[in-house]
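Colleague: I am new to this structure and would like to know what stands behind the terms used for it. Please take me through them one by one.

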Amino acid sequence: MRPGRLAAFAVGAALVTVLGAGLALYGTGRGGNGPDAAGPCAGAAAAIARAAPHARGEVAAMQLLDTPKTALDLVFKGPDGAETSLAALKGRALLVNLWATWCAPCKAEMPALDRLEAEFGGPAFQVVAINLDTRNLDRPPAWMRDNGIARLAYYADPGGRVLPAVQRDTGSTGLPTTILIDAGGCEIGVMKGPAEWSSEDAKRLIRAVLGSDAKS
């Protein structure tokens, strides 16, 4: 091979090597909230495996992730009106539900979410229902009181930051949207639409995520 062609070949080979390494890093690395199977969320795969047989019946629309990923650190208002986040609630499994008073299916499932929290809420599990109303901010808590929603803490996002972040992360375009997160802060599933959250199907799903049959 002539010297000029040899040099060109060497340069080309080097470029292929660099590009190949870059593609390998891109394919296995994490950007934002991508899959994290070998990182902090590796242990969440067990929760997905336990839950998979129970995503049926009233909760058949629960889309369990093939690979768990670090949940978004959503920031919103807590019951005291101060800012809080999902990271502040880490340490227990979370069922994060987005709802609004202008969403009829959202309001229809709130009593069931309230019953689920009454039965399972505690150190290991919490329903986190985040209200997305951005106007008439006294209406959502008043609606909850008027409809006997007493066990769910009132979380709200009057600034409108949560919905677009969740839409980008889950691909969900409507409400209600519900995200299932394990105690390690890893997203393991998403429900696009309403469900009967106090049904036996839902209870079996939550028990499976918790890895316990302690509650029925």
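**Links, burial and ring pairs**

Modeller: The link of Cys103 and Cys106 is right-handed, with 80° about the S-S bond. Keep in mind that this is a predicted model.

Colleague: What makes Cys103 and Cys106 a disulfide?

Modeller: Their sulfur atoms are 2.2 Å apart. The cut-off is within 2.5 Å, so the pair counts as a disulfide. Both Cys103 and Cys106 are buried.

Colleague: How many disulfides does this rule give?

Modeller: The count is 2 disulfides. Cys41 is joined to Cys186, with 2.1 Å from S to S. About that S-S bond the angle is -95°, and the link of Cys41 and Cys186 is left-handed.

Colleague: Which parts does the pair of Cys41 and Cys186 tie together?

Modeller: Cys41 sits in the loop between α1 (3-28) and α2 (44-51), and Cys186 in strand β8 (residues 186-192), so the pair ties together parts that are 145 residues apart in sequence. Counting bonded cysteines along the chain, the disulfides follow the pattern 1-4, 2-3.

Colleague: Why is Cys41 called buried?

Modeller: Buried means under 20% relative accessible area. Cys41 has 1%, so Cys41 is buried. Cys186 has 2% relative accessibility and therefore also counts as buried.

Colleague: Which residues of α2 are buried?

Modeller: Ala44, Ala47, Ile48 and Ala51 are buried in α2. They cover an arc of only 100° around the axis, so they lie on the same side of α2. An α-helix has 3.6 residues a turn, so residues three or four places apart point the same way.

Colleague: What covers the buried residues of α2?

Modeller: The cover includes β1 (62-70), β8 and α6 (200-210).

Colleague: How many aromatic pairs are there?

Modeller: The count comes to 3 aromatic pairs. One of them is formed by Phe76 and Tyr155, 5.6 Å centre to centre and with 90° between the planes.

Colleague: Why is the pair of Phe76 and Tyr155 called edge-to-face?

Modeller: Ring centres must lie within 6.5 Å, and planes over 60 degrees apart count as edge-to-face. With 5.6 Å and 90°, Phe76 and Tyr155 form an edge-to-face pair. The pair links distant parts of the chain, Phe76 being in strand β2 (residues 75-77) and Tyr155 in strand β6 (residues 155-156), 79 residues apart. Both Phe76 and Tyr155 are buried.

Colleague: What are the values for Phe120 and Phe125?

Modeller: The rings of Phe120 and Phe125 are 6.3 Å apart, centre to centre, with 75° between the planes, and this aromatic pair is edge-to-face. Phe120 and Phe125 are buried.

Methods:
Residues are numbered from 1 along each chain as its sequence is written. This is a predicted model: local features need pLDDT of at least 70, side-chain atom pairs count only at pLDDT 80 or more; totals for chains, interfaces and linings use all residues. Side-chain values use heavy atoms; hydrogens and water are left out. Helices (H or I, at least four residues) and strands (E, at least two) are DSSP runs, numbered from the N terminus. Buried means under 20% relative accessible area, exposed over 50%, partly exposed in between (1.4 Å probe, protein chains only). The arc is that of the directions from the helix axis to the C-beta atoms. Contact means heavy atoms within 4.5 Å. Rings of Phe, Tyr and Trp (its six-membered ring) pair if their centres lie within 6.5 Å; planes under 30 degrees apart count as stacked, over 60 as edge-to-face and the rest as tilted.
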